Amino acid sequence: MASRRQVLGSAAAILAGTTVGLPRLARAQAKRGGILTAILNPEPPLLVLGLNQQAPTQLVAGKIYQGLLRYDFDLKPLPSLAKSWTVSPDGLTYTFKLEEAVKWHDGAPFTAEDVVFSCAKFLPEVHPRARATFDRCESITAVDRFTVAFKLKAPFEPFLYAFLPAGAPMMPKHIYDGSDFRANPKNATPIGTGPFKFKEWVKGSHIHLVRNDEYWKPGRPFLDGVTYRVIPDAAARALAMETGQMDLAQGNDVEAFDVPRLAALPHIELSKKGYETVAPISWIELNHRGAPISDKRFRQAMMHAIDREFIVKNIFFGLGRVAHGPINTATRFHDAKSVKKYPLDLKRAEALLDEMGLKPGAGGIRARIKMMVLPYGEVWVRQAEFVKQALRRVGIDVTLESNDAGGWVKRIGDWDYETSFDFVSQFMDPAMGVARTYISSNIRKGVPFTNTMGYVNPRVDELFDAAPKQTDPARAQAMYSELQAILTEDVPVLWLTELEFPVLINKKFRNVNIDANGPNSEFDEAHLA
Amino acid sequence: MDFLRRFARNKGAVLGAAVLAGVVLLALLAPVIFPDSPWEIAGPPFRRPGEMGFLLGTDTLGRDVAAGIAHGARVTLLLSLVSTAVALSIGVILGAVAGYHGGWVDDLVMRFTEFFQTIPNFILLVVLVAIFTPSITSIVTAIGIVSWPPLARIVRGEFLTLRSREFVQAAHVLGQSSPRIIFGEILPNALSPVIVSASLMVATAVLLESALSFLGLGDPNLMSWGYMIGAARTVIRHAWWISFFPGVAIALTVLALNLVGEGLSDALNPRLARKGRA
Amino acid sequence: MGGRLGYIGQRLVKAVFVILGIIVLNFLLIRLAPGDPAMVLAGEAGAADPKFIDDLRREFGLDQPLWRQLLIYMQGILSFDLGFSYRQKAPILDLILQRLPQTILLTGSALTFAIVAGVSLGALAARNVGTWWDTVITTLALLVYAMPQFWLGLMLVLLFSVQLGWLPTFGMNSISANYTGLDHVLDVGRHLILPSLTLGMFFMAVYARLTRASMLEVADLDFVRTGRAKGLPEGRIQRRYILRNALLPVVTYAGLQAGYLVGGSILIETVFAWPGIGRLAFEAVLVRDYNLLLGIFIVASVLVIAFNLLTDILYTVVDPRIELSA
Amino acid sequence: MSGAPLLAIESLTIALPAGAERAHAVEGISLTLARNEILCIVGESGSGKSMTAHAIMGLLPQPHVRATAGRILYQGEDLLAATPARLRALRGHKLGMIFQEPMTALHPIMRIEAQIAEVIQQHAPLDRAALRDRVTALLLSVGLPDPERLRRAYPHRLSGGQRQRVMIAMALALEPDILVADEPTTALDVTTQAQILALIRDIQAARQMGVLLITHDFGVVAEVADRVAVMQHGRIVELGPVDQILEAPQHPYTQSLIAAVPRLMAVPKPRAAEAGVVLEAEGVTKTFRQRSWIPGRGTEVAAVKAVSLSLHRGETIGLVGESGSGKSTFARCVVRLLEADGGAIRLDGTDIVPLGRRAMRPFRQRIQMVFQDPYASLNPRRLVGDIIAAGPLAHGIARAEAERRTTELLALVGLDPAASSRYPHEFSGGQRQRIGLARALAMQPGILVADEPVSALDVSVQAQVLALLADVRARFDLAMLFITHDLRVAAQVCDRVAVMYRGEIVELRPTAELFADPRHPYVRELLAAVPGKRWLPAVAG
């Protein structure tokens, strides 16, 4: 049963792929030609996606390299280099059928050998997230020239979410095998399978990508090329979008307060989609190792004291949603119904504090805590100021602490903090980006972005362990729903905002932002209006 | 009394003193006029001056700009005074040692002073505060560290000339002890330039502190004028008043301090002063 | 002649010592800076895998004992390697060199404006001491001197860009307008006006006050009376006798001010989004990128020292008496 | 004097700004200057002599100081009524002026040639070659050697005497009718002074100029003047030919001034016959070292080279020399303000050179010092009484005793005891010097080192202070080391005179002997250079 449903599922995906992948307009009237000029900031260190997955690298290299799968805005897997896939009924074997006409940019054919090389050899050595994924595999084998089979040690349902271009980019075996990957001279001229080829990189100025005429999808891409211009200054970036000199801005390119102004311009279209693969949530990280934070009621009181609507509206200028629980609405298994909500309620907050015995002392102060400000720019400072003030209203006196990025990460990792702002990406499935901060097995001193708060709940551990092993999505959903209920009751961290990132596109281009990978995806469907 | 009369003769100085008194008063009365914290969100964001009873408007988060200015006066004055005290103690001690001792001690201290004078002091200030993380202590110390050299030079110069002045030599010939000579003979005569430059240093400290806060290197728990401008910088197109008023406050305070400094200089060094204006 | 060369030599030796001192100071500051860059990078890569962190640590030499790290750093600096910016993902020297010409353009034009305008105003006030002119100029100087530069810049933007729309608000050129030749120069020039005025204004006030005071002082000196006794016209007395001598302290001061100028560029470049090292420093401050900040500190210091040296050499040309102090 | 006067001042009054000590710097003075004569205006500080000179040149410090009445006629033309342009045309061309302070009177960063050429080009331009020749000729004419090198030089390379010669060359560049010289030799050493005076006189004679020379020194007057005007408080009290003024002064003020001029003749004094030696210096040396960063670039100046002398009880030895001769340095070594590098200084038989600060303390009481500058030698922030009592107090004398001494000494030096509760700035220069003396005497020393104690004082005050010193010396049987550059003063005060030259004592003999029969060539030169040496001022009354 399970197996059939899985196969059917993927068949449906194929079907969906043909419709979603080739949207209505594209087929008949899409114009050929044109160069899309996009903002790049900062300049990436190199363009080999397998070796570096920082945001700017993903942006540019996402046009050059591809993964086996793509994901739509709802995180449904779509075919890419793999035209179809099946999952064995025991949930242990994943078999991918590859597109057969794919060629590397240097003309060599793309085969199953490349996939095996990438997933078994290249990525585990240089790509930490991929290493974690493929460590789950007992074997990765080329069944034939265009079929690859991954055999897992234990069932892991989110395995299908490992094949994003940035998560597992396909690297050419004929270029890298047997070499020191990081020192390969070909790193300067990246070779991929994508719709655009590397042409020129003038450091400090721009990167030119040109159309790959040998691209495996017939008739694609439409654009003649994509140019990324490095513009280090935020104000200049906004101006460039305003005047139409730049066609595309994404991520943090345009500061929050400028977004509404630009979005209102007639030639600019604002989209907040395209970041579902990361879907970060910002929160206040709490170190549970000391009173009063160790007390659940104290954490709940803080939740009640912070007006998160205000943060979204006045600090993020509408770029974001109030976060009600541990799983981002964009991430799989989010369940709005099971979360316990904490509306702004100062009375309730004070009542909780009173209940704990934290009575107002001199100056109405009930407790004093220290809070580290996130060292990533002004927005975070504003948010800190706001939270400090909000908590002061219920008698919690906050001392803000400024740090550099290094100091901040180190103090978090070493548990040397009381509370701190933070934001963490979720990578589509709770097992990838959510569990790591709540399970007790991941309390590892010295390692940031783990369960640094020291939150321990055996039931939570149990559920996070079991859920990804479920082959039945409904059962997995039930477990995750329970998890969301438990976590929102326990409030291990104070979830503030589901961050959204603006994608500003000049309206003369269409079909630019079409999947969950947003501006990082191939652009093989993008075309002039 | 003579001093007061001479000071009062300089109209600018009197004006400066009056403005300064106003600022000090504002700082002292801030908690009375605006009992709420200046960080408190008092109304909707971006209210223009005068709207909804906000004399100077509200900022990006709806905080009262007027309250910020009143409370900021406390912070700004306090930080500037303390950091000047830090600079004074470093500068006077090093300058006195160098000037009185002379010889290799003088050489050493002056090379050290020159070193601190040569390196770009604002950048050093930024580096120091950033590395030691912004807090009252780090800001005050760092401003002190970058501002002492001119003072050390002044004190050293005074000591050097006074040391060879005949009345000091007379004290030596009379067999007076070194501390007596330093504190009884030299220091009282070296004091006026120190007082004058200290008053000007407070002004500089106000500017330095506000520049630091503007760059986001203020103590995150303190509302200072520079911080207000820095936080409103990006929205200047929509809301000029948030950055305008704190700037006026800084300019007025610094101007007042400079005027008072000039007045002090006139009153304390009547002979020198006449040259400048005549 | 020997005296003059000796003087320059002495300055050169001093400059070398100051630079060494700055490197040592930088060492100390790096040691004091908290944080582990490898962990930052790991965090940004979304992977908190200890092996990955170790790899990164090895890659950047952070696993070496501290004294070795310092040795490596020292060698690096002496071979013009200022290290790596983990946040900007680029060698620090590259980042700085990219921005340096813009800062030199900005500070250079600001200094030129400050000196020309400051000296002219100061001279005008001194010549008309006690008159309406004098009052206006000294008051103006006092006012400008009291205004925070960054605020003055913002207000100028508000007035000239937002209200009047005469001048561009920020940046150095109109992006991808792709002007070439003269158009490009004019475009940069238009962008340069506000920032260099703002940066220069403060120093203009300083020079105006200094020139005025210095001229009044020189005017009382004996040799000026000699000049009058020679029957020279007043204009010549003012220029050749008073101004020329009064400018000597201005030259000295200009040298000393170089540091403040570079420091001021942090604020001005921030306000005007001028793509120079000041702006870079601000970006480094925002994300607390110490490595970059310290690199900027070193480069700025070296610049200032070089400029001081230049004024020292200039001084030996304009003031022959300098040989006495060698 | 024949013909119309070259210059005539008629009832000139110069007003001082409000708030000054008096209303007028000069009040209704009249005088004339003829071609080919030297008129000296002589007076003490504040007499208005310098203002008069500046008024002639139109160089009064406008607008605060103005001539409010009278006329200054240059060949019949009223200079006070002349336009600025006219005045400029005359200045440097027809009216030349030289000033007191040669060190600061030249443009510091302009070459000598340019400074001289400037005058010529301003008034009577020449072509380049002629200009060059003219400058060379001028430099030669004022006795400057090597004009080719000199013209390219900047002033700081020149000595004071050379600079004053350049000033003269500049003033004379266009052969003016009138040369106004405002204390032209006051800042110079005596030998240089003699040369410059000779030069002025020679050139004046050669060119038939009228010279107006301002001075405070009757020696200079005796040396060069044809006629003399004596000024006091802004008025001319006496005007006449030089012989008449010097030999038969009519006005009491003139009489007192002349009486105050010390005579260049040893006053015979009873020798302190074979009294014990209280101070003995033996081979004292002092070298100043200027260190430098760059090895080998340091400089050394041997200020005192092996100086020996012995001072007897009740005796005064004059240390005489020009600036830089080492006399002050030696004196400061003796009182241990400076550490001698070598030699011995024995106070009552104990060598004090190797003594540490503490060991030196008891000796401090035996040897005290009086300083030159009456303004710099008293701490402006302390009461006079405290200043005098500080020494005894520092040496453990009870406060009551110290105060008693203070009162006594104030009376002794001729000051009101009430002075002790006032600040130094309330006293005049002479009074301050008395306070300084009282401070030294409060320690009841046996030896007094007086470093140019009267050189900053006007001649009449100088006489009073010298008299006081003599009185004190006799009363306390003090031995005194008296440093001076003024041979006249030395003649009056000293039992023996030691002439110092380049760090060494070249001659040390009883005063009368030394003046009558100088042996060392430098001493001879020095004596010959004393202005007005042929003239012996009459002792009034």
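pLDDT is the predictor's confidence in each residue, from 0 to 100. This model is predicted: local features need pLDDT of at least 70, side-chain atom pairs count only at pLDDT 80 or more, and totals for chains, interfaces and linings use all residues. Residues are numbered from 1 along each chain as its sequence is written, while chains are lettered from A and ligands numbered from 1 in the order in which they are written.

**Exercise 1.** Find which elements of chain D have the lowest and the highest mean pLDDT.

*Solution.* Start with the chain. Chain D has a mean pLDDT of 87, and 95% of its residues reach 70 or more. Next, take its elements: helices (H or I, at least four residues) and strands (E, at least two) are DSSP runs, numbered from the N terminus. Helix 3 of chain D is lowest, at 84. Strand 9 (residues 227-232) of chain D is highest, at 94.

**Exercise 2.** Describe the side of chain D that touches chain C.

*Solution.* Count contacts first (C-beta atoms, placed from the backbone, within 7 Å). Here 27 residues of chain D meet 24 residues of chain C. Helix 2 (84-90), helix 3 (102-105) and helix 4 (112-123) of chain D each supply at least two residues of this side. Helix 4 of chain D gives the most, with four residues.

**Exercise 3.** Work out the strand order and the edges of the six-stranded open sheet in chain A.

*Solution.* Strands pair if DSSP finds at least two bridges between them. The order is 14-18-13-17-15-16, with mixed pairing. Strand 14 (320-322) and strand 16 (396-401) of chain A are the edges, each pairing on one side only. Now look inside: strand 13 (residues 281-286) and strand 18 (residues 494-499) of chain A pair antiparallel over four bridges. A:Ile281 has A:Glu498, in strand 18 of chain A, as its bridge partner.

Key:
Two residues are in contact if their C-beta atoms, placed from the backbone, lie within 7 Å.
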